[in-house]
Amino acid sequence: MEELIKEWENSEWIFKVNTSFTLLFFVLILGFILALFWIRLYKNQRNKRKKTYEGRAEEFINTYLFDDAVERKTIIENFKKNNLRSQLQKKVFLKELLGFNENFKGESSLALKQLFHELNLDEYLIKVLKRGNWYQQSRAIYLLAELSINKNNLVATFLNAKREEVREQAIFYYLKVSTGEPLQFFSRLTTELTPWELIYVEDSLKYYYEGSMPDFSKWLDHRLESIVVFSIKMIAQFDQFENIPKVVPFIDHPNPIIKKQAIKTLCKLSCNEILEKLIHNFPRENVAVKKEILNTIKQLGSPIDLISLQPFIPVDDWSTRLAFNRIEQHFSKLV
């Protein structure tokens, strides 16, 4: 041993450096392999526990719903004491409860929601919302929505969250739980909705919301541009012809984005009365609005209306001129 120490001390510095790095690399590789082994072992054990918890949860829920011979209060207390102690147990049970809720309606669905409260899982989700990470909060809001648990004021605080995923779940919650005013959460918004969030709202109204369609004109005076544009768009999307008079003033709106959407909506609703006003405004509009006016003339106007606008298209405005030529060709094919 002493000879090895002396040999090490007398060796070249480059040899010492190479040997040290080799040993360090070996230790890191060994540590990495052990870490992978431990993670795999942990995941296997966790999956085994999950399967056990899933079986217990499924058996308990079936007993709670369909076995009239048992004392419900007793089995609830026993299950809560023995099978809802850890975070994993609660997560697994909520997943199973959600699965049952998706497959049952009527009295069974109401019974599952009652069970959710009796097991104090609403308190658990509230704690997650207040202290959890963003993905835990997102999941908690989703569960509240699917189980139709009324926590409007608490969920409202997440409508303006920094994470888009959390905001989307908060929006989904209001659309899923609401039965009469699905867009009431608009009044709580303080930041503009992204295009993806607006698409999410539209899809939720079409495919998840079960109540009567709201009157979108209610939000035409909203302080956020995205909400105003969305409301004008939805008036056309859901054929709310009764709101045409409320949309018409927006063709003179100072915001070109809102103005463009108003023109598009009124065109879709076949409001011919706006043509004269649009032709009059055409010279003062920006390129995007001009092109929308040209498209409206294509849908509602005539070749004479189109020709009247030609002098107001600058020679160097190639984008508008190209749109004009295409519509001119469209009218020529109709002759």
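Trainee: Which residues is Asn-101 in contact with, leaving aside its neighbours within four places in sequence?
Mentor: Asn-101 is in contact with Ser-109, Leu-112, Lys-113, Glu-146 and Leu-147 once those neighbours are set aside, where contact means heavy atoms within 4.5 Å. This is a predicted model, in which local features need pLDDT of at least 70 and side-chain atom pairs count only at pLDDT 80 or more, while totals for chains, interfaces and linings use all residues. Residues are numbered from 1 along each chain as its sequence is written, and side-chain values use heavy atoms, with hydrogens and water left out.

Trainee: And what does the side chain of Asn-101 reach?
Mentor: The side chain of Asn-101 reaches the backbone oxygen of Glu-146 at 3.1 Å. A polar contact is a pair of N or O atoms within 3.5 Å; within protein, one atom must be able to donate a hydrogen and the other to accept it, and residues adjacent in sequence count only if both atoms are side-chain atoms.

Trainee: Where is the place of Asn-101, then?
Mentor: Asn-101 belongs to helix 4, residues 87–103. Helices are DSSP runs of H or I with at least four residues, strands are runs of E with at least two, and both are numbered from the N terminus. The C-alpha atoms of Asn-101 and Ala-111, which are 10 residues apart in sequence, are 9.5 Å apart in space.

Trainee: Does Asn-101 count as buried or exposed, and why?
Mentor: Asn-101 counts as buried because its relative accessibility is 7%. Buried means under 20% relative accessible area, exposed means over 50%, and partly exposed is in between, with a 1.4 Å probe and protein chains only.

Trainee: Moving on to Gln-169, why does that one count as buried?
Mentor: Gln-169 counts as buried because its relative accessibility is 16%. Gln-169 sits in helix 9, residues 164–177, and, apart from neighbours within four places in sequence, is in contact with Ser-138, Ile-141, Tyr-142 and Tyr-200.

Trainee: What about Pro-182, where is its place?
Mentor: Pro-182 is in the loop between helix 9 and helix 10 (195–207), and this residue is buried, with a relative accessible area of 1%. Leaving aside neighbours within four places in sequence, Pro-182 is in contact with Tyr-174, Leu-175, Leu-205, Tyr-209 and Pro-214.

Trainee: Phi angles next: what is phi of Asp-239 near?
Mentor: Phi of Asp-239 is near 50°, a positive value in a residue other than glycine. Asp-239 lies in the loop between helix 11 (225–237) and helix 12, and this residue counts as partly exposed because its relative accessibility is 47%. Ser-270 also has a positive phi, near 55°; the residue lies in the loop between helix 13 and helix 14 (275–281), and Ser-270 counts as partly exposed at 46% relative accessibility.

Trainee: What lies 3.0 Å from a polar atom of the side chain of His-253?
Mentor: That is the backbone nitrogen of Asn-255. His-253 is in the loop between helix 12 (244–247) and helix 13 (256–268), counts as partly exposed at 24% relative accessibility, and is in contact with Ile-258 and Lys-259, leaving aside neighbours within four places in sequence.

Trainee: Zooming out, how many helices and strands does the protein chain have?
Mentor: The protein chain has 17 helices and zero strands, and 39% of its 335 residues count as buried. Of the contacts with a separation of 6 or more, 63% are made by residues 24 or more positions apart.

Trainee: And what radius of gyration does the protein chain have?
Mentor: The protein chain has 32 Å, whereas a compact globule of 335 residues would have a radius near 20 Å. The radius is taken over C-alpha atoms, and the globule rule is 2.2 Å times the number of residues to the power 0.38. Along the principal axes, the C-alpha atoms fill a box of roughly 100 × 80 × 35 Å.
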